[in-house]
Amino acid sequence: MSSALKPIRVQPSLFRAKDASILVSQFSLSDPSQDTLDAFVRSALQNTVLGVAATFSETGFLETLALATTYQVLKICMKGHPEGKKRNRGKRQSCKDTLQESILTNPALDKLGFDFEKVATALYYDHRLHLTCGIDVQSTYNSVKPRHSEEVLLGVLGGEAMLHKEEVLRLLRDDEDSGSKDTDVVLRAYLAWKISSFSRYDSFRSLARTISTTALAPEELVVLARCVRNSAHLAALKPNQSRNEVTSNFKADDNGNVLLNSERYKTRIRSSANQRIMVETNYNGTETVPAYGRAKSVRGKVATVTLGNAKILGSITAVHTVGREYTNAEQERTLIVLSALQKRTTILSQHLVKQIYFPAPERTDPVYYGYSSLRGSAPSVCFPDRPLNQSQSQAVRRILSLYETDRICLVQGPPGTGKTTVIAAAVKSLIVNPSYTEKRHIWLLAQSNVAVKNIAEKLAEVDFWDFKLIVSNEYHFEWHEHLYEQLDHNVIVSDMFSDHNVAMDRLLCGSRVILCTLSMLCHPLLMRSGVTRLVPLDTVIIDEASQIEIGDYLPMLSKFGDNLRKLAFIGDDKQLAPYGSEDVKGLRSIFEVEHLRKGAAFLEMQYRMPRPIGRFISRTVYDNRLQTMHSINDKRCCRFVDVSQGMEAMSGGSFQNVKEIEAVMHIARRYTQQGKSFRIITPYDAQRAQLEKALQREYLPWESKCFCVDSFQGNEDDHIIISVVRSERVGFLSSLRRSNVMLSRCKKSMMICSSYEYLYGTARETLLGQLAAEWGVDAWITWRELLSGKW
């Protein structure tokens with residue numbers, strides 16, 4: 001972009017009342033025009049408000065900055081060619097100084113913008129530019145609705161009646177279509193400025209909290225910027241349109257409501273303020289125009305979708321959810337960053353937050369925290385139920401430790417090493433230990449409902465029942481009730497919550513141990529119920545911590561960090577990583593925080609896998625640190641089926657392999673006849689779905705039999721059947737961590753369906769390829785042997 005670019009005019013079509021055209025001036029910092037900038041500054045200083053918007057690269061870098069005043073916009077290209085930067089270094093710095101001093105940090109100018117936490121943090125992180133008097137537009141709107149909901153986005157602009165709704169939403173929503181035009185950033189800045197022309201702006205301004213990055217230390221800004229950037233990256237990974245698997249039958253009434261039945265929890269219809277439901281139909285063999293509506297309510301598998309004036313003719317062929325989902329935890333994370341930028345929260349100065357993000361020099365003297373009556377006493381393990389090995393005992397002692405250096409402690413537990421046993425031993429030691437005179441309150445958290453349930457089952461197994469497991473009604477009702485039958489008296493479903501302390505106290509029955517997911521902890525219903533007042537968060541143990549991005553702890557730390565006395569993280573950075581880590585550079589779990597990771601306790605004895613598999617995993621993944629205690633020492637515990645005719649095929653963004661499904665059915669049929677307990681796992685959801693359907697067709701047990709690898713961590717079975725799927729490219733197998741999970745689930749045997757040629761060729765360098773090479777040719781079953789049953 002040259003400094004000599006002529007101004008252009010843009011005609012907005014956003015408000016029903018026609019607006020004047022906008023004069024757009026533009027230049028690049030790599031070839032700056034001081035005259036253009038000075039002219040805009042003179043114009044801006046005649047006003048008191050600027051609208052601000054930005055565009056970002058795929059990696060989150062702030063590329064374009066748009067500044068709007070009275071029907072004028074300055075569009076600045078913040079990136080540039082390296083040679084241009086070098087050649088115009090002096091002019092570039094002069095323009096940046098003018099931009100910061102005369103505009104961005106000018107106290108006489110309010111800067112208004114949508115999603116302003118992204119703009120403010122990126123200005124510093126990418127360009128070392130500060131900003132003051134910034135106002136995040138959405139946070140000024142008094143609503144409990146999500147920031148990107150129609151109500152909020154349209155409400156701050158005067159309401160739907162004033163606007164061309166669809167065009168405004170296209171500009172402001174953070175989805176695949178926004179920002180697709182060169183003028184979009186100009187119009188977004190203009191929309192932000194336009195708010196200042198409304199008659200209610202003075203009252204709006206009096207209530208607004210301002211953003212000032214100059215009030216924060218550089219290291220604090222970097223932490224906030226990374227948190228915002230990671231959130232944006234993860235949100236971008238979500239599809240803007242996803243298919244809902246529903247049954248073919250439906251009910252419709254005369255009021256435009258349609259009742260649809262979801263078939264699968266993962267693809268269920270959800271009630272969301274910023275998502276629409278698209279229903280495709282076929283009438284007399286002809287596809288009709290899709291009908292759009294909203295999920296008015298969802299109860300269990302049944303969703304009531306309001307389609308307004310549209311009517312369903314013929315049969316429903318497909319249902320899709322349009323728009324990205326924003327969870328309660330994501331909303332809270334954004335609001336915490338905004339509060340920090342507005343200096344409305346002290347979260348960055350919290351002791352535990354500083355320990356995680358801002359490491360201090362290590363202390364050598366013993367410093368104790370909390371529980372004054374116990375200072376100086378050695379932590380004792382109270383777990384008579386079963387013997388703990390040495391590494392398990394050491395891990396429990398770290399969790400019980402009152403040393404300040406152990407206030408945050410990490411325990412790395414490879415597959416089958418008894419992580420839940422360590423948690424159970426810590427809980428019993430804290431609750432029933434006679435040497436502890438002070439009451440302890442423990443919250444056991446995990447990323448998934450499955451992991452939470454596994455902990456509950458382990459507590460029950462060691463005869464500890466004084467706990468409550470909180471689960472959302474959305475997950476429980478009609479979907480997973482059967483999983484909680486043995487724990488029924490200990491389960492509190494979210495629709496049982498009450499706003500009255502007495503009622504909640506009765507539900508809790510005096511329990512001082514609470515189990516739930518990390519997302520459940522952020523749920524507004526839980527906060528209103530008063531559970532956290534009745535059972536304060538003073539000791540928190542988090543399982544699956546290696547799957548949780550550290551920014552996801554901010555809501556918990558923001559609410560409870562000042563009173564948290566102990567934070568223990570259990571996980572394994574050699575197993576599943578946080579969602580999106582393969583796509584988002586720099587995404588970290590607590591186990592990737594170097595100053596914390598180096599002091600982690602290591603569980604060194606595994607009891608799940610047969611010895612040959614355990615030795616292989618120890619050598620290739622854990623540097624021979626993992627020992628095995630198991631009765632099976634025969635290498636035939638792992639076999640391969642040569643599905644030479646199997647070919648990978650794309651299916652809805654995933655992969656499937658029809659021939660491997662046939663192979664798996666032969667094995668599953670034999671295992672069922674023999675009464676063996678088994679599960680089938682595969683890297684790809686399309687294959688999982690087809691495997692499940694094949695089991696149904698064969699009249700074989702199919703419920704809770706087929707899983708994707710990514711949803712099976714923490715689970716195990718006697719016999720595991722693996723369908724690799726890929727035959728041409730490495731794909732999933734390129735991930736050591738995911739492959740480690742896949743190969744470490746069996747307690748007695750593992751059957752791997754793949755191609756000999758593939759594992760000894762394309763995939764030979766992968767963990768699975770190495771396993772095949774080590775087991776050798778004798779471990780393979782031919783297709784003929786499979787069909788004849790001679791294996």
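H12 and H13 are oblique to each other, packing at an angle of about 45 degrees with their axes 9 Å apart. That's one of the helix pairs picked out below from a predicted model of a protein with 28 helices and 33 strands.

**The H12–H13 pair**

- Helix H12 covers residues 390-400, and helix H13 covers residues 419-431.
- Their crossing is right-handed.
- From H12, the contact uses Gln392, Ala395, Val396, Ile399 and Leu400, while H13 brings in Thr421, Val422, Ala425, Ala426, Ser429 and Leu430.
- Sorted by class, the contact of H12 with H13 has eight nonpolar residues, three polar ones and no charged ones.

**The H13–H14 pair**

- On the H13 side you'll find Thr420, Thr421, Ile423, Ala424 and Val427, and they meet Ile455, Lys458 and Leu459 in H14.
- The contact of H13 with H14 splits into five nonpolar, two polar and one charged residues.
- Thr421 is worth a click: it is listed in the contact of H13 with H12 and also in the one with H14.

**The H4–H10 pair**

- Helix H4 (residues 116-127) and helix H10 (residues 328-341) have axes that come within 10 Å and cross at roughly 55 degrees.
- That angle makes H4 oblique to H10.
- H4 goes past H10 in a left-handed crossing.
- Glu117, Ala120 and Thr121 do the touching for H4, and Thr334, Val337, Leu338 and Leu341 do it for H10.
- The class count for H4 with H10 is four nonpolar, two polar and one charged.

- Valine 411 sits in strand S16 (residues 408-412).
- With 1% relative accessibility, valine 411 counts as buried, since the cut-off is under 20%.
- Setting aside neighbours within four places in sequence, valine 411 is in contact with Ala395, Phe569, Ile570, Gly571, Phe591, Ala601 and Leu603.
- Ala395 in that set is also one of the H12 residues that contact H13.
- Valine 411 and serine 391 are 20 residues apart along the chain, and their C-alpha atoms are separated by 10.0 Å.
- Serine 739 belongs to helix H25 (residues 736-742).
- At 0% relative accessibility, serine 739 is buried too.
- Not counting residues up to four places away in sequence, serine 739 touches Phe732, Leu733 and Leu767.

**Asparagine 449, in H14**

- Asparagine 449 is part of helix H14, which spans residues 449-461.
- If you skip its neighbours within four places in sequence, asparagine 449 is in contact with Val471, Tyr475, Tyr484 and Thr517.
- From asparagine 449 to arginine 294 is 155 residues in sequence and 27 Å in space, C-alpha to C-alpha.

- Most residues other than glycine have a negative phi, which makes the next two worth a look.
- Aspartate 463 isn't a glycine, yet has a positive phi of about 60 degrees.
- You'll find aspartate 463 in the loop between H14 and strand S18 (468-471), and it counts as exposed because its relative accessibility is 60%.
- Asparagine 624 also has a positive phi without being a glycine, near 65 degrees.
- Asparagine 624 lies in the loop between helix H22 (611-621) and strand S25 (627-628), and at 55% relative accessibility it counts as exposed.

**The whole protein**

- A compact globule of 791 residues would have a radius of gyration near 28 Å, and the 29 Å of this protein agrees with that.
- Along the principal axes, the C-alpha atoms fill a box of roughly 85 × 80 × 60 Å.
- Of the 791 residues, 57% count as buried.
- Among contacts with a separation of 6 or more, 73% come from residues 24 or more positions apart.

How values were computed: Residues are numbered from 1 along each chain as its sequence is written. This is a predicted model: local features need pLDDT of at least 70, side-chain atom pairs count only at pLDDT 80 or more; totals for chains, interfaces and linings use all residues. Side-chain values use heavy atoms; hydrogens and water are left out. Axes are lines fitted to C-alpha atoms, for helices over the stretch in contact, and angles run from 0 to 180 degrees between N-to-C directions. Helices (H or I, at least four residues) and strands (E, at least two) are DSSP runs, numbered from the N terminus. Angles under 35 degrees count as roughly parallel, over 145 as roughly antiparallel, 65 to 115 as roughly perpendicular and the rest as oblique. A crossing is left-handed if the near helix is turned anticlockwise from the far one by less than a right angle, and right-handed if clockwise. Contact means heavy atoms within 4.5 Å. Ala, Val, Leu, Ile, Met, Phe, Trp, Tyr, Cys and Pro count as nonpolar, Asp, Glu, Lys and Arg as charged, and the others, Gly among them, as polar. The radius of gyration is taken over C-alpha atoms; the globule rule is 2.2 Å times the number of residues to the power 0.38. Buried means under 20% relative accessible area, exposed over 50%, partly exposed in between (1.4 Å probe, protein chains only).
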